[in-house]
Amino acid sequence: MTAPVLRDVTLRDGLQLTGKLLPVRRKVDIVRRLLALGVPALEIGSMARPDLVAPMANTMELVAALTPEELRRCWVWVATPRHVEKAAAAGVRNFQYCFSVSDAHNKANIGRDTEASVAAMPDAVRLAREVDGSIQLCLATAFTCPFDGPVDPERVLAIARDPRTEGADDIVLADTLGQAHPGEVSALVTAVRERTPPRRVVFHGHDTWGMGVANTLAAVAAGADMVDGALGGLGGCPFAPGASGNTASEDILFATRPDWFTPATLAALVDLSEELLSELGEPNRSRTQEGARSKASAFEWVVAGESA
């Protein structure tokens, strides 16, 4: 199994529920440390209203502080064409156009039904193309909805096949609540690959029910090209009751072992993750981080020193 591209989403999905706005200089430090370690892609912020998602309030300031080269490896969450326009003007070139498969969650999350988000997507695609950018079709609640329960896979496929979404470079399948199991993930990724327009498939998992790594591996085995994770398992959706943290980036990397990931890389990630979790007052949810601080010193992946 080829290792997937990891996108670390600490600075967007990871921070959403913390309620704490990190200074721009701290976010820049995190971006540059992750990129220097070899993390291929990052999600660094959101165009969500700061009165609703306070930790995202300085996203555009962060974008302004990064170089064009750095921004080519960074993604920003958007939900409307106006978001794309504003983000593009600031220098963003990778746009994650996100809405929910279920109407109930889409209304709670971004204030409109799913059809309205689909109808607006061609304008979002056009605006992204005008700056030679990339745009993803990101489908939240692709498996279950906190309000309506299980989501029919055919609804996901219908959106993915809708002519108004065909301009997307990638499709993101989000297990927003972390309630999916590996069989479901494998089936949906396979169906999307076989029955919708060809594009890169991204899996975004949460570890609410302990299936984060298992679901990620199932997605990769079924053909997902990119997977999302957050340091220490941070994260969750503020508009999805019952959602817990993202699958930990450390756990995904330890399971998939991309070429750039070494014991030294893990040690640096553990240090960064512990610093951030301590700063935010958040618990560690990464089993790999726990293992790295164990006393099994004969194992090359164990990190010297004590946990922060």
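**Close-up views of a predicted model**

View A. Opposite Arg7 stands Ala41, a residue of S2. Local features need pLDDT of at least 70, side-chain atom pairs count only at pLDDT 80 or more, totals for chains, interfaces and linings use all residues, and side-chain values use heavy atoms, leaving out hydrogens and water. S1 is joined to S2 (residues 41–46) by two bridges, and the two strands run parallel. Pairing requires at least two bridges found by DSSP. S1 (residues 5–8) also runs parallel to S10 (residues 226–229), and four bridges join these strands.

View C. S4 covers residues 94–100, and S5 covers residues 134–140. Seven bridges join these parallel strands. Look for Cys98: its bridge partner in S5 is Cys138.

**View D. Strand S8, covered on both faces.** Five of the five residues of S8 are buried, and the strand is mostly covered. Buried means under 20% relative accessible area; exposed means over 50%, and partly exposed lies in between (1.4 Å probe, protein chains only). In a regular strand, side chains alternate between the two faces of the sheet. Asp170, Val172 and Ala174 lie on one side of S8. Ile171 and Leu173 lie on the other. All of them are buried. S8 pairs with S5 in the parallel sense over four bridges. Gln136 stands opposite Asp170 in S8. S8 also runs parallel to S9 (residues 200–204), joined by five bridges. Here Ala174 stands opposite His204 in S9.

**View E. Helix H9 against helix H10.** H9 spans residues 182–195, and H10 spans residues 212–221. The two helices pack at an angle of about 30 degrees. Their axes are 8 Å apart. The angle makes H9 roughly parallel to H10. The class limits are these: under 35 degrees is roughly parallel, over 145 roughly antiparallel, 65 to 115 roughly perpendicular, and the rest oblique. H9 brings Pro182, Val185, Ser186 and Val189 to the contact, where they meet Ala214, Asn215, Ala218 and Ala219 of H10. Contact means heavy atoms within 4.5 Å. By class, this contact has six nonpolar residues, two polar ones and no charged ones. (Ala, Val, Leu, Ile, Met, Phe, Trp, Tyr, Cys and Pro count as nonpolar; Asp, Glu, Lys and Arg as charged; the others, Gly among them, as polar.)

**View F. Helix H10 against helix H11.** H10 packs with H11 (residues 249–256) at an angle of about 50 degrees. Their axes are 10 Å apart. That angle makes H10 oblique to H11. Val213, Thr216 and Leu217 in H10 meet Asp251, Ile252, Ala255 and Thr256 in H11. Four residues of this contact are nonpolar, two are polar and one is charged.

**View G. The buried residues of H10.** Find Gly212, Asn215, Thr216, Ala218, Ala219 and Val220: these are the buried residues of H10. They pack against H9, S9, S10 and H11. Gly223 follows H10, and its phi is positive, near 120 degrees.

**View H. Two loop residues with positive phi.** Most residues other than glycine have a negative phi. Asp132 has a positive value, near 55 degrees, and is not a glycine. Asp132 sits in the loop between helix H7 (114–130) and S5. Asp132 is exposed, with a relative accessible area of 71%. Arg257 is not a glycine either, and its phi is positive at about 50 degrees. Arg257 lies in the loop between H11 and helix H12 (263–280). With 38% relative accessibility, Arg257 is partly exposed.

Terms used
Residues numbered from 1 in each chain as written. Axes fitted to C-alpha atoms, helices over the stretch in contact; angles between N-to-C directions.
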